[in-house]
Amino acid sequence: MHVTILAASGAVGLALTRQALERGFTVTALARTPARITVPDSPRLTRVAADVRDPASVARALHGSEVVLSGLGVAKGDKPGALTAGSRAVLDAHPGTVIWLGAYGTGPSAQAAGLATRTLLKAMGAELTDKVTADAAVLAAGGTVFHSGPFAGGPPSTTRRTVGLDETPRRFFPARISRETVAAAMLDEAETPRFPGRVAVPLAA
């Protein structure tokens, strides 16, 4: 399988890139600064410079892509809008499959997450609107959006599972989950699609 990783120099993007290579995939890894994609060189890895605010650079990088996985988040100091710009750039390139990283408690998962989580997330302001808008665009195009709980450290969970919103355990606060587990769950979806056009929730167990 050939996958393209958006925001491959970020924490989730690096996990996606490394794990995809470990699975034997061919990987095109995108970042504004490709030198920051700090995974070992591989004949199956191509690092490409692309910026979500430059749609033409994304279109060139995604040409012929089977699957695009996004680790895109909001970098400190960035103006809101990066996620919306990224979703538009990716969708305009018409890849085969899009698997997008979102956040539990936003958009479609807000009601399931509960009042306490919704209240905390409101503090994000424009960033929250950016997340919701990007997620909605990906879902409308038939992509899968992963809504994970707060990130933690640690390796991929060997007991991980991915569920739909209606199967998500109800908790006062969402359970923490490692970035490595979220990346593994997203790659599982790339290999065996189960949630096209839906929100998927990765769980450690």
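Me: Which residues lie nearest the centre of the second largest pocket, and how many residues line it?

Reply: P169, R171, P174, A175 and L203 lie nearest the centre, out of 21 lining residues. Bear in mind that this is a predicted model, where local features need pLDDT of at least 70, side-chain atom pairs count only at pLDDT 80 or more, and totals for chains, interfaces and linings use all residues. Residues are numbered from 1 along each chain as its sequence is written, and side-chain values use heavy atoms, with hydrogens and water left out.

Me: What makes something a pocket, and what makes a residue part of its lining?

Reply: On a 1 Å grid over the protein atoms alone, a pocket is an open set of points with protein on both sides within 12 Å along at least five of seven lines, and lining residues have an atom within 4 Å of a point. The second largest pocket has a volume of about 220 Å³, a volume being the space filled by probe spheres set on the points.

Me: Which elements each supply at least two residues of that lining?

Reply: α4 (110-113), β6 (144-148) and β10 (199-203) do. β10 gives the largest share, three residues. Helices here are DSSP runs of H or I with at least four residues, and strands are runs of E with at least two, numbered from the N terminus.

Me: How do you know that the span of helix α1 agrees with what a helix should have?

Reply: The expected span is 1.5 Å times one less than the number of residues. For the twelve residues of α1 (residues 11-22) that should be 16 Å, and the end C-alpha atoms are 17 Å apart, which agrees.

Me: Why is α1 called largely enclosed?

Reply: Buried means under 20% relative accessible area, exposed over 50%, and partly exposed in between (1.4 Å probe, protein chains only). Nine of the twelve residues of α1 are buried, so the rest of the structure largely encloses this helix. Among them are V12, L16 and L21.

Me: What makes helix α3 mostly covered?

Reply: Nine of the eleven residues of α3 (residues 82-92) are buried, including L83, V90 and L91.

Me: What is phi in A7 and in H94?

Reply: Most residues other than glycine have a negative phi. Phi of A7, in the loop between β1 (2-6) and α1, is positive, near 60°. H94, in the loop between α3 and β5 (97-103), also has a positive phi, near 55°.

Terms used. 1 Å grid on protein atoms, 1.4 Å probe; cavity = no way out; pocket = protein on both sides within 12 Å on 5 of 7 lines; lining within 4 Å.
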